[in-house]
Amino acid sequence: MLSKFVAGNPLERFFSLAGIACNGIFLINAAALFIPPRPLDPAWEVQLIGGLVSNAPLLLVGIALVGAGRYLREQPERFRSLQIYAYALAVVFALCAPLLLVDSLRLYRDAAGRVDAEQNRTAAKIERQQTRLEAAVAAGNVPAGLDLAQARERLTAAQAQTRREAEQARFQARLNYGKLALSKIALLVVIVGTLLLFGRLSQLAAQGIALDPDIVG
């Protein structure tokens with residue numbers, strides 16, 4: 001019977017220990033991402049999700065190695081815990097996708113708000129200069145040699161430039177946060193799909209081992 005042969009199989013032990021080590025490192029890294037905790041802070045949440053995604057390959061390799069070790073050991077009952085583990089992590093990563101989308105929108109609104117505030121401050125300065133210029137014209141206190149048409153044109157051009165720069169900054173913020181959200185969500189979909197696949201494969205592997213005549217006999 002194959003189980004007697006692989007009971008001391010070093011390959012099985014290597015897969016199992018390597019898989020457990022990979023999962024342990026992932027969990028330690030994931031726990032470290034929560035320190036210091038800043039719940040409701042969108043920047044911290046985006047950083048946290050990014051860290052989980054970056055460490056996900058280690059997790060997936062670890063689950064695959066553990067599954068390979070358990071398959072070699074022919075212990076169908078131990079696949080149940082692996083299946084639950086994979087499905088639970090799939091739920092966690094799936095919940096990260098809408099959270100990341102919401103946080104990206106919040107970060108964009110914050111960035112757009114800062115751009116608008118800066119634009120308003122600059123526009124207010126230009127308006128004050130226009131007001132002083134027109135007051136000087138009305139009072140007849142225009143400095144000699146000042147070209148009024150040129151001065152007014154420069155102020156109008158400055159207003160237009162301020163609007164263009166603000167719109168460009170808002171566009172760049174939309175682009176940056178949009179790319180961030182789409183790229184991370186795409187990776188999350190891949191991770192969730194792989195975890196669901198591992199869960200299903202664990203179930204099928206357990207069933208296959210249990211139905212093996214050499215095992216049940």
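Visitor: Let's start inside. Which residues have the most contacts within the largest nonpolar core?

Guide: The model is predicted, so take everything here as computed from it. The largest nonpolar core has 30 residues, and those with the most contacts inside it are Leu 52, Leu 59, Ile 63, Phe 93, Leu 188 and Leu 195.

Visitor: And which helices supply at least two residues of this core?

Guide: Four helices do that: α2 (10–33), α3 (42–73), α4 (79–139) and α5 (148–210). The one that gives the most is α3, with eleven residues.

Visitor: On to charges. How many salt bridges does a search of the whole structure find?

Guide: The general idea is that side chains of opposite charge can pair when their charged atoms come close. In this model, the search finds seven salt bridges.

Visitor: Which residue forms a salt bridge with Arg 121?

Guide: That would be Glu 118, and the closest N and O atoms are 2.5 Å apart. Arg 121 and Glu 118 both sit in helix α4, three residues apart, which is about one turn of the helix. At 47% relative accessibility Arg 121 counts as partly exposed, and Glu 118 counts as partly exposed at 40%.

Visitor: What about a pair that joins two helices? Which residue forms a salt bridge with Glu 134?

Guide: Look at Arg 152: its closest N–O approach to Glu 134 is 3.0 Å. Glu 134 belongs to helix α4 and Arg 152 to helix α5, so this pair ties together parts that are 18 residues apart in sequence. Glu 134 is partly exposed at 38% relative accessibility, and Arg 152 is partly exposed at 34%.

Visitor: Which residues are linked in a network of salt bridges?

Guide: Asp 116, Glu 167, Arg 170 and Arg 174 are linked that way. One of the pairs to look for is Arg 174 with Glu 167, at 3.5 Å from N to O. Both partners are partly exposed: Arg 174 has a relative accessible area of 36%, and Glu 167 comes in at 39%.

Visitor: Now the backbone. Where is the cis peptide bond?

Guide: As a general rule, most residues other than glycine have a negative phi, and most peptide bonds are trans. Here a cis peptide bond joins Ile 35 and Pro 36, with omega about -5 degrees. Pro 36 lies in the loop between α2 and α3. Leu 40 lies in the loop between α2 and α3 too, and Leu 40 has a positive phi of about 75 degrees although it is not a glycine. At 68% relative accessibility, Leu 40 counts as exposed.

Visitor: Which residues does the UniProt annotation "transmembrane region" cover?

Guide: According to the unreviewed UniProt entry, the annotation covers residues 14–36, 48–72, 84–102 and 180–198. In the model, residues 14–36 are 87% helix and 0% strand, and their end C-alpha atoms lie 35 Å apart. Residues 180–198 are 100% helix and 0% strand, with end C-alpha atoms 27 Å apart.

Visitor: Last one: which residues make the nonpolar surface patch of about 260 Å²?

Guide: Leu 197, Leu 201 and Leu 204 make that patch. Leu 204 is found in helix α5 and is partly exposed, with a relative accessible area of 38%.

Notes
Residues are numbered from 1 along each chain as its sequence is written. This is a predicted model: local features need pLDDT of at least 70, side-chain atom pairs count only at pLDDT 80 or more; totals for chains, interfaces and linings use all residues. Side-chain values use heavy atoms; hydrogens and water are left out. A nonpolar core is a set of buried Ala, Val, Leu, Ile, Met, Phe, Trp, Tyr and Cys residues joined through side-chain atoms within 4.5 Å. Buried means under 20% relative accessible area, exposed over 50%, partly exposed in between (1.4 Å probe, protein chains only). A salt bridge is a side-chain nitrogen of Lys or Arg within 4 Å of a carboxyl oxygen of Asp or Glu. UniProt positions are given in the numbering used here, feature names are shortened, and annotations may be inferred rather than shown by experiment. Patches are made of residues with over 30% relative accessible area and no salt bridge: like charges are joined within 9 Å, nonpolar side chains (Val, Leu, Ile, Met, Phe, Trp, Tyr) within 5 Å. Accessible areas come from the Shrake-Rupley method with a 1.4 Å probe; for residues, only the protein chains shown count as cover.
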